[in-house]
Amino acid sequence: MMYGGLLGGQLCLSSVHSPCSSLHIRLAEQKNTDQEGFSSAWAPREPLPESQEVVTKSQPDMNATKGGLVIFTANSNPSCMELGKRIAERLGVELGKVQVYQEANRETRVQIQESVRGKDVFIIQTVSKDVNTIVMELLIMVYACRTSCARSIIGVIPYFPYSKQCKMRKRGSIVSKLLASMMCKAGLTHLITMDLHQKEIQGFFNIPVDNLRASPFLLQYIQEEIPDYRNAVIVAKSPASAKRAQSFAERLRLGIAVIHGEAQDAESDLVDGRHSPPTVKNIGAIHPSLEIPLLIPKEKPPITVVGDVGGRIAIIVDDIIDDVATFLAAADTLKERGAYKIYVMATHGILSSDAPRLIEESAIDEVVVTNTIPHEIQKLQCPKIKTVDISMILSEAIRRIHNGESMSYLFRNIGVDD
């Protein structure tokens with residue numbers, strides 16, 4: 001790519017029929033066929049606000065820096081490799097040669113089939129239904145690259161698994177911390193992820209973590225694909241997601257509504273371990289002179305909607321959509337309050353179990369998720385599910401890290417609460 005830029009700077013001035021002209025024609029034809037061979041996903045217009053700096057400059061050769069670049073996909077499931085192919089296509093490189101498979105005894109085996117010595121290795125891992133298998137695939141591949149003398153090993157994990165288990169639940173464990181420690185111990189030197197369930201998960205790592213945001217893509221989808229979005233209201237299905245809803249509403253200059261009551265899915269105060277000892281007083285275990293006051297148990301009020309949704313388009317926003325029961329309950333409540341169209345926007349579409357069937361039979365008109373998690377089967381089961389492609393920002397993050405450029409450009413206008 002950089003070679004093409006030099007041709008454009010030196011040869012285009014000498015002749016109209018120079019090799020530069022044919023080079024630009026070939027590049028234009030390549031751009032037009034960029035997305036061929038992939039499943040349908042809504043892609044943002046060019047240029048995206050986060051990528052304007054990229055398209056105004058000639059793209060550098062990705063292998064120009066010392067050590068080169070290698071991109072691997074650690075998934076043994078072919079359906080999970082699509083995002084890696086999109087990223088490699090945008091960067092103009094081929095995926096690295098590696099074999100990842102399960103043996104007859106269900107052990108995971110990884111065989112790297114090219115040299116990674118002294119190179120920057122980026123391992124793209126998306127989550128399938130078998131979460132534990134993809135975790136082992138990632139750890140084994142990271143360790144294999146480490147023992148093969150890779151210069152740096154960067155994990156590209158758009159959806160961080162076990163991210164919901166980031167707080168102590170009674171006598172449980174903080175599994176996110178355990179997984180972070182395992183990745184660092186295996187040899188990971190950098191992590192690229194997207195919309196962590198809790199931003200505090202970054203503190204579980206002792207390596208740099210870039211927590212990218214999918215909100216610019218979802219906001220652009222709202223502006224371009226939802227007719228009359230100016231008549232919409234951003235809805236938080238529980239007080240826990242009110243900050244995210246507020247961020248969307250302020251950027252779109254729209255109103256906000258919050259659903260509060262029995263149908264909410266907020267994490268209770270029991271998850272942080274403060275009720276780890278039984279709440280019932282045990283007279284034999286407490287000194288007679290001590291009277292420890294007990295916390296009054298919570299009682300959820302009847303479901304209410306704070307905000308006006310009558311005659312409006314309701315857009316429910318969240319970071320993960322997995323068990324859709326709370327989204328269905330929120331949609332029914334909004335319909336009762338007068339909303340005439342209901343959208344659900346989320347970054348990670350896990351959509352497990354019979355979620356597609358429930359969405360198809362519900363009052364929800366459209367569910368919009370990104371391709372951080374493959375969900376092609378769910379889309380065949382439910383036409384209401386739409387996909388937004390986020391490979392652009394991931395490929396740009398890889399390019400900047402490989403070339404030693406600042407990542408701050410990808411975090412412009414992102415506040416502490418976003």
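**Sheet, helices and salt bridges**

Colleague: In S10, which residue is the bridge partner of His260?
Modeller: This is a predicted model. Strand S9 (residues 255-260) pairs with S10 in the antiparallel sense, over three bridges. Strands here are DSSP runs (E, at least two residues), helices likewise (H or I, at least four), numbered from the N terminus; two strands pair if DSSP finds at least two bridges between them. In S10, His260 has as its bridge partner Thr304.

Colleague: What pLDDT must side-chain atom pairs have to count?
Modeller: Residues are numbered from 1 along each chain as its sequence is written, and side-chain values use heavy atoms, with hydrogens and water left out. Totals for chains, interfaces and linings use all residues, local features need pLDDT of at least 70, and side-chain atom pairs count only at pLDDT 80 or more.

Colleague: Which strands stand at the edges of the seven-stranded sheet?
Modeller: The sheet is open and mixed, in the order S10-S9-S8-S11-S12-S13-S14. An edge strand has a single partner, so one of its sides has no neighbour in the sheet. That applies to S10 (304-306) and S14.

Colleague: At what angle does H7 run to S12?
Modeller: H7 (residues 215-225) has buried residues, including Phe217, Leu218 and Tyr221. Buried means under 20% relative accessible area, exposed over 50%, partly exposed in between (1.4 Å probe, protein chains only). Axes are lines fitted to C-alpha atoms, for helices over the stretch in contact (heavy atoms within 4.5 Å), with angles from 0 to 180 degrees between N-to-C directions. H7 lies across S11, S12, S13 and S14, and its angle to S12 is about 155°.

Colleague: What angle does the direction of H8 make with that of S8?
Modeller: H8 packs on the sheet and touches S8 (232-236), S9, S11 and S12. Its direction and that of S8 make about 160°.

Colleague: What span does H6 reach from first C-alpha to last?
Modeller: H6 (residues 175-186) has twelve residues. The expected span is 1.5 Å times one less than the number of residues. The expected value is 16 Å, and H6 comes close to it, reaching 16 Å.

Colleague: Which residue with positive phi follows H6?
Modeller: Buried residues of H6 include Leu179 and Met183. Their cover includes H5 and strand S5 (152-157). After H6 comes a residue with phi near 130°, Gly187.

Colleague: Is Ser128 buried or exposed?
Modeller: Ser128 sits in the loop between S4 (120-124) and H5 (131-147). Leaving out residues up to four places away in sequence, it touches Asn77, Cys80 and Ile134. Its relative accessible area is 18%, so Ser128 is buried.

Colleague: How far apart are the closest N and O atoms of Asp130 and Arg106?
Modeller: A salt bridge is a side-chain nitrogen of Lys or Arg within 4 Å of a carboxyl oxygen of Asp or Glu. Asp130 is partly exposed at 34%, and Arg106 is exposed at 55%. They form a salt bridge, with closest N and O atoms separated by 3.9 Å.

Colleague: Is Arg400, which meets Glu405 in a salt bridge, buried or exposed?
Modeller: The N to O distance of this pair is 3.8 Å. Glu405 is partly exposed, at 32%. Arg400 has a relative accessible area of 3%, so Arg400 is buried.
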